[in-house]
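Here is a short briefing on the structure shown below.

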Amino acid sequence: MIHAYALHGKNIVLDTASGSIHVVDDVAFLAIKTWQSYVDRQSRKMALREAFASDTSLTDQEIDALFAAIESLIKSKKLFAPEMVGNLSYEELAARHSEKRREIKALCLHVSHTCNLTCDYCFAQAGRYHGKEALMPLEVGKRALDFLIAQSGKRRHLEVDFFGGEPLMNWDVVKELVRYARAKESESGKQFRFTLTTNGLLLDDNVIAFCNDEMSNVVLSLDGRRAIHDKLRRTVNGRGSYDVIVPKFQDFVRMRGGKNYYMRGTFTHENPDFLADILHMADLGFYALSMEPVVCDAESPHALTRADIETVKEQYEQLALEMKKRAGQPNAFTFYHYQLDLKHGPCLYKRLTGCGSGTEYLAVTPMGELYPCHQFVGDPRFRMGDVWKGVSNNALREDFRGCSLFKRQECRDCWAKLFCAGGCAANHYHASGSIHGLYADGCELFKKRVECALWLHSVKGL
Amino acid sequence: NRIETIEVRDLAQSCAEGGCGECQTSCCVANQPCEQEAENNG
């Protein structure tokens with residue numbers, strides 16, 4: 001399978017199975033796009049002659065050379081490559097690999113089910129996840145870390161994300177849990193990677209210093225322009241939070257040496273023109289940026305409309321152009337979804353099996369309950385067990401284990417499947433009522449982001 | 001040239017069977033670094 005598209009003056013051909021990317025001229029673009037429509041060389045040649053009748057430089061020798069190049073790419077499995085490794089299909093590999101994945105390697109620790117902001121679009125309902133306010137007791141957190149170590153098998157790298165609600169509202173417990181895990185590293189042979197997501201209100205020099213020592217990555221929530229941010233991200237007293245958090249975030253990033261952070265914004269029906277928010281964050285001195293479409297009920301006033309989605313796709317294209325323009329300049333910035341490491345990125349197995357929610361990755365509530373991931377927390381249908389007895393809802397775990405991209409015909413037929421691994425189970429569930437369903441709008445936006453990311457690579461890589 | 005190919009990781013040849021499993025959890029797969037590749041490349 002291939003995906004051939006034109007963007008900003010470039011013709012790009014992605015070979016789905018191998019991941020190969022080819023930047024081609026107009027003649028090669030048409031030849032490759034129609035390659036499988038013809039059964040013989042003469043028919044292909046006639047089609048090109050007809051399409052480029054006015055191009056006098058397109059000689060028989062030129063066409064023969066082009067066909068030889070295409071045939072060479074096919075032979076070397078960089079074009080129209082089969083989805084096979086040896087005698088096994090990608091689908092068989094995915095099933096085998098998924099069956100073998102029995103270890104847990106990452107936890108999302110909900111250290112706080114309360115928040116000092118009341119963001120209108122919060123999927124966690126002001127951080128409470130449809131329940132009561134709660135803070136994770138230290139003993140529950142320690143038990144969760146012990147559970148992770150015990151369930152991680154031979155895996156060396158373990159990940160813990162401190163999440164909420166607002167995790168800084170339970171900061172002493174966060175610090176103690178980091179110390180507890182560090183003390184366990186040498187005896188267990190494990191290496192912990194900690195991350196933190198915060199709205200920034202409670203940041204101070206002590207928090208920043210500890211984070212800079214211990215957190216491999218921090219995610220800082222800012223929606224961009226002041227008016228946009230303050231309209232939806234207000235304190236419990238109804239005040240905007242922009243003026244409080246921006247100076248704190250600027251200090252944080254500066255003291256962090258400008259590394260290992262992401263400014264993370266959400267765009268909604270209020271701002272499908274989110275590029276202005278990204279550029280605003282760049283103007284504030286932030287360069288590691290991420291803006292995400294809102295996750296909410298389709299009936300919500302914040303939900304993206306069909307018209308919004310078209311606007312967002314145009315914004316993604318303009319964003320790529322802006323990033324190319326700024327490349328190498330002091331005002332250059334990165335965008336999370338455009339950072340694809342094509343040379344040293346994830347292997348085939350990772351691309352076939354995805355994020356591991358419900359199997360390798362679980363969320364832990366303040367009460368020690370286990371859920372498939374943070375977006376399922378609070379829905380009793382998705383409770384998997386607890387950190388004392390482990391996963392007791394084996395049927396649910398097996399349902400997530402079987403949540404393969406090959407179970408959806410739309411995914412099997414999709415050129416982007418090895419970039420998303422079938423997408424987010426929670427998004428699919430909230431859009432369709434089943435983790436095996438499809439969040440079609442999300443797919444549409446994802447594919448546009450991949451197209452733009454590959455275009456950026458093409459202008460940098462040639 | 002009519003066709004310029006960008007060098008990428010060969011997916012079908014990329015790993016021992018099953019992969020090493022040490023990579024980061026996506027949560028967003030293609031954005032994630034590969035631990036093995038990172039170690040191989042210093």
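**Salt bridges and a chain interface**

A:Arg179 is partly exposed, with 44% relative accessible area. The model is predicted. In it, the side chain of A:Arg179 meets that of A:Glu176 in a salt bridge, 2.9 Å from N to O. Over all chains, a search of the whole structure finds 32 salt bridges.

- A:Glu176 and A:Arg179 sit three residues apart in helix α6 (residues 171-188) of chain A, so about one helical turn separates them.
- A:Glu398 forms a salt bridge with A:Arg401, with the closest N and O atoms 3.2 Å apart.
- Both A:Glu398 and A:Arg401 belong to helix α13 (residues 394-401) of chain A, three residues or about one turn apart.
- A:Glu398 counts as partly exposed at 34% relative accessibility, whereas A:Arg401 counts as buried at 7%.
- One network, joined by salt bridges that share partners, takes in A:Arg306, A:Glu310, A:Lys313, A:Asp441 and A:Glu444.
- Within that network, the side chains of A:Asp441 and A:Arg306 meet in a salt bridge of 3.3 Å, N to O.
- A:Asp441 lies in helix α17 (residues 440-461) of chain A and A:Arg306 in helix α11 (residues 306-326) of chain A, so their pairing ties together parts 135 residues apart in sequence.
- A:Asp441 is partly exposed at 30% relative accessibility, and A:Arg306 is partly exposed at 42%.

**Helix α3 of chain A**

- Helix α3 (residues 60-75) of chain A has 16 residues and reaches 22 Å from first C-alpha to last, close to the 22 Å expected.
- Its buried residues are A:Ile63, A:Leu66, A:Phe67, A:Ile70 and A:Leu73.
- Seen down the axis of α3(A), these fall within an arc of 120°, so they line one face of the helix.
- A:Gln61 and A:Lys75 are exposed on the other side of α3(A).
- The buried residues of α3(A) pack against β3 (21-24), α1 (26-33) and α2 (41-51) of chain A, and against β1 (3-6) of chain B.

**Interface of chains A and B**

- In contact are 34 residues of chain B and 59 residues of chain A.
- The two chains bury about 4,200 Å² between them, with 55% of it on carbon and sulfur atoms.
- Between chain B and chain A there are two salt bridges and seven residue pairs in polar contact.
- A:Glu62 and B:Arg2 meet through their side chains in a salt bridge (2.8 Å, N to O).
- β1 and α1 (35-40) of chain B each supply at least two residues of the side that touches chain A.
- The largest share of that side, four residues, comes from β1(B).

Terms used
Residues are numbered from 1 along each chain as its sequence is written. Chains are lettered from A and ligands numbered from 1 in the order in which they are written. This is a predicted model: local features need pLDDT of at least 70, side-chain atom pairs count only at pLDDT 80 or more; totals for chains, interfaces and linings use all residues. Side-chain values use heavy atoms; hydrogens and water are left out. The expected span of a helix is 1.5 Å times one less than its number of residues. Buried means under 20% relative accessible area, exposed over 50%, partly exposed in between (1.4 Å probe, protein chains only). The arc is that of the directions from the helix axis to the C-beta atoms. Contact means heavy atoms within 4.5 Å. Buried area is the accessible area (1.4 Å probe) that two parts lose on being put together, summed over both. A salt bridge is a side-chain nitrogen of Lys or Arg within 4 Å of a carboxyl oxygen of Asp or Glu. A polar contact is a pair of N or O atoms within 3.5 Å; within protein, one must be able to donate a hydrogen and the other to accept it, and residues adjacent in sequence count only if both atoms are side-chain atoms.
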